[in-house]
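Work through the exercises below with the sequence and the model open beside you. Try each task before reading its solution.

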Amino acid sequence: MDENTRQTFMGPVRKVDDLLYETTYRNYDYEAAERYFSANPPASGSCSAVSKGSLLGRNYDWAIGDKVDFVVHTPARDGLHATLGVSSSLIPSSIVDSGEDTELYSYVPFMTMDGVNDAGFACCVNGITVSDRGKTASSNPGAERMSMAMVVRYLLDHAGSVHEAVELLSKKDVHSLPRGHMDGFEMHFMLMDSIGSAVVEFIGGRTCVTYGVRIMSNFHLSGVYKRADLKPHSHGLERYRVLSDGYADIHDRDSMFAALKTAWYSRTYDRSTVPFWYSEFYNDYTRKGEGDFTVDMVAEDWMEARIDRAIARFAGKGVVDMWHTGHCSVYDIEEKTLDLIANETDRRHSFELEDSFH
């Protein structure tokens, strides 16, 4: 994408914090994004989301690295809603800081992981890193195809309510990502408006909706499975339990942040945490046959040694394949605002939908 094309799509880019930038998109190409993400699926994310009152909070968990977050504003236009959201994990910071151009800027709006629009509708995406239901090749054969990676952007642009979002998705042929961590993964979506919340999932070729969901991590909420039936790791059970325990104390933005901080992903690697927080990545990246870490284990010497080996394996490689919370967002759907902490820094930034960055 040459500079003239980039200027057609984007406003200027402002650096807000380390690995955090802000920009406005005036236009973007859905068809080009569908082709791009079908051929270049992003890796999965093990995230958490909480809905209470007028607030949608979420932790976006991602591998520690140099990919940036963008706070993305889009104005209302051509029947589309004005939106405010966070796009993640697409462009390295070296490219953004240098001013170098890349076609990846075209796809930044479609990597929006959470957001709110001018109708007071909000949504976010969480990965399901281990899918017990198989992959979604098609949710509505014959309808217009859409990658799961694009659902948040599509709903923020077009939906004014949870009901409308469900109706819109039912008319699309949504498909999961063909490859990536664990040979491809599913996504599910928390939707929220002034009436309440819901989670949308795609299972067995069907669009499944569960209403009244308060907390979402990384396992399917629709269907017959009980949490006790889930595999012992990779479903975010520990983060789900921690957020459930703190849910009653959430009553404003500050207390939502306090709850989300208890589930920041780096705590998975804090050996002083009681109970010990295991990690699917320690399980995946160390020698097999030693037994998996599971929920509520008490740390023992063999676990300490195994964690040390996992960390040492990535020493000197620059980007450590261990995870943290890339961004922690709190949206107020009444005020149409975003409060954001990037990369577990505790530096909080505030944005308003009406005050698009120029």
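**Exercise 1.** List what Asp69 touches, leaving out residues up to four places away in sequence.

*Solution.* Contact means heavy atoms within 4.5 Å. On that basis Asp69 touches Leu19, Leu20, Tyr21, Val86, Ser87, Ser88, Ser89, Gly326 and His327. The model is predicted: local features need pLDDT of at least 70, side-chain atom pairs count only at pLDDT 80 or more, and totals for chains, interfaces and linings use all residues. Residues are numbered from 1 along each chain as its sequence is written, and side-chain values use heavy atoms, with hydrogens and water left out.

**Exercise 2.** Find the polar partner of the Asp69 side chain and the nearest side chain of opposite charge.

*Solution.* Step 1: the side chain of Asp69 makes a polar contact with that of Ser88, at 2.7 Å (a pair of N or O atoms within 3.5 Å, one able to donate a hydrogen and the other to accept it; residues adjacent in sequence count only if both atoms are side-chain atoms). Step 2: the nearest side chain of opposite charge is Arg58, 8.9 Å away.

**Exercise 3.** Locate the buried residues of helix H5 (residues 162-170).

*Solution.* Step 1: these are Val162, Ala165, Val166, Leu168 and Leu169. Step 2: they cover an arc of only 160 degrees around the axis, so they lie on the same side of H5 (the arc is taken over directions from the helix axis to the C-beta atoms). Step 3: their packing partners include helix H4 (151-158) and strand S11 (186-192); helices, of at least four residues (H or I), and strands, of at least two (E), are DSSP runs numbered from the N terminus.

Terms used:
Buried means under 20% relative accessible area, exposed over 50%, partly exposed in between (1.4 Å probe, protein chains only). Lys and Arg count as positive and Asp and Glu as negative; His and the chain ends are not counted. A salt bridge is a side-chain nitrogen of Lys or Arg within 4 Å of a carboxyl oxygen of Asp or Glu.
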